Amino acid sequence: MWKTPSDLRGPLLGGSDVRITRGKDEAALTRLWQEKRGEAEPKDLSGNLIVQLGNVTEELNRAWYELVGGAPQDWIGRSGTSAIHPDDRAEVSANWRRSCETLANFTGVRRLRARDGSYHTMQYKASPVLDDHGGVAFWVGIDSDITEYKAIEHALRSSNQELEAFSYSVSHDL
C-alpha cells in the first residue's frame, strides 16, 4: 500500500492527517507512515472523536469505538447515521445538505447511542477542505462529548427556577 512516507502525500488521505500529509514536517510524516503501517501506536486524541466526512473516511479514533463500539466497516459511509438519535436525524441531515450546498461549516448538537444503549450529547463541527479547483476534497471534523456539560446546565437552570420561585413567594408574603 504505502512503500515510503512520501506515498502518504497522495490525494486520498485527509481528516486529522491532512496537516501532516500536506505539511513539510518530514519527521511527522514518517511517524504517520509508521502508524498507518502498524509499526507505531497512533497518538491518543483524548476525548475528541475525529472523523472525516465525504469521499474518503479514515478510521475513527479509539474514543469513537469506546463510545459506540463496532469496527471501521460499521461506520464508514452513511451507516454512521444509525447511531444518531432518531429525533435528531432530520436536523443533522438538513445541516449536512445545507453545508454541502454552501460549503459552510457543518455544525450542531446531536445525541449518539453508546454501545451500552445510553445516549451521549455530542457537539459536532466539520469543515470542507477544498481542492485546487475549489471543489471539496474531503471534510474534516470533530465531535465533542458535552453530556456532562448539558447535565450541569440543566441542574443550574432547575436551581435558578427554584430560587426564582422561592424569591417570588417570599416577596409576596411580605
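Analyst: Happy to. Rings of Phe, Tyr and Trp (its six-membered ring) count as a pair if their centres lie within 6.5 Å; planes under 30 degrees apart are called stacked, those over 60 edge-to-face and the rest tilted. By that rule, a search of the whole structure turns up three aromatic pairs.

Before the details, a word on the source. This is a predicted model, in which local features need pLDDT of at least 70 and side-chain atom pairs count only at pLDDT 80 or more, while totals for chains, interfaces and linings use all residues. Residues are numbered from 1 along each chain as its sequence is written, and side-chain values use heavy atoms, with hydrogens and water left out.

The score pLDDT is the predictor's confidence in each residue, from 0 to 100. The chain averages 76, and 68% of the residues score at least 70. Confidence is highest in strand E2, at a mean of 94, and lowest in strand E1 (residues 49-53), at 50. Where pLDDT is low, the predicted coordinates should not be read in detail.

For orientation, the chain has six helices and four strands, arranged along the sequence as α-α-β-α-α-α-β-β-β-α. Helices (H or I, at least four residues) and strands (E, at least two) are DSSP runs, numbered from the N terminus.

Now to the rings. Trp96 and Phe106 make an edge-to-face pair, with 5.1 Å from centre to centre and 70 degrees between the planes. This pair links distant parts of the chain, with Trp96 in helix H5 and Phe106 in strand E2, 10 residues apart. Phe106 also pairs with Tyr124, this time in a tilted arrangement with 4.7 Å between centres and 45 degrees between planes. Here too, distant parts of the chain are linked: Phe106 sits in E2 and Tyr124 in strand E3, 18 residues apart. Ring pairs join Trp96, Phe106, Tyr124 and Trp139 into a cluster.

How covered are these rings? Buried means under 20% relative accessible area, exposed over 50%, and partly exposed in between (1.4 Å probe, protein chains only). Trp96 is buried because its relative accessible area is 17%. Phe106, at 6%, is buried, and Tyr124 counts as buried at 4%. Across the chain, buried residues make up 31% of the 174 residues.

Phe106 also belongs to the largest nonpolar core, which has 16 residues; Trp64, Trp75, Phe106 and Leu112 have the most contacts inside it. A nonpolar core is a set of buried Ala, Val, Leu, Ile, Met, Phe, Trp, Tyr and Cys residues joined through side-chain atoms within 4.5 Å. Helix H3 (62-68), H5, E2 and strand E3 (119-130) each supply at least two residues of this core, and H3 gives the most, with four.

Next comes the strand pairing. Two strands pair if DSSP finds at least two bridges between them. E3 and strand E4 (residues 136-145) are antiparallel and share nine bridges; in one of them, Ser127 has Val140 of E4 as its partner. The hairpin of E3 and E4 has five residues between the strands, and Gly134 in this hairpin takes a positive phi near 85 degrees.

Thr121 is another residue of E3, and it is buried because its relative accessibility is 16%. Contact means heavy atoms within 4.5 Å. Not counting residues up to four places away in sequence, Thr121 touches Val109, Arg110, Arg111, Ser144, Asp145, Ile146, Thr147 and Lys150.

Finally, look at Leu103, in the loop between helix H5 (89-102) and strand E2 (106-113). Most residues other than glycine have a negative phi. Leu103 has a positive phi near 60 degrees. Leu103 counts as partly exposed because its relative accessibility is 34%. Leaving aside neighbours within four places in sequence, Leu103 is in contact with Arg98, Pro128, Leu130, Gly134 and Val136. Gly134 is the residue with positive phi in the hairpin of E3 and E4.
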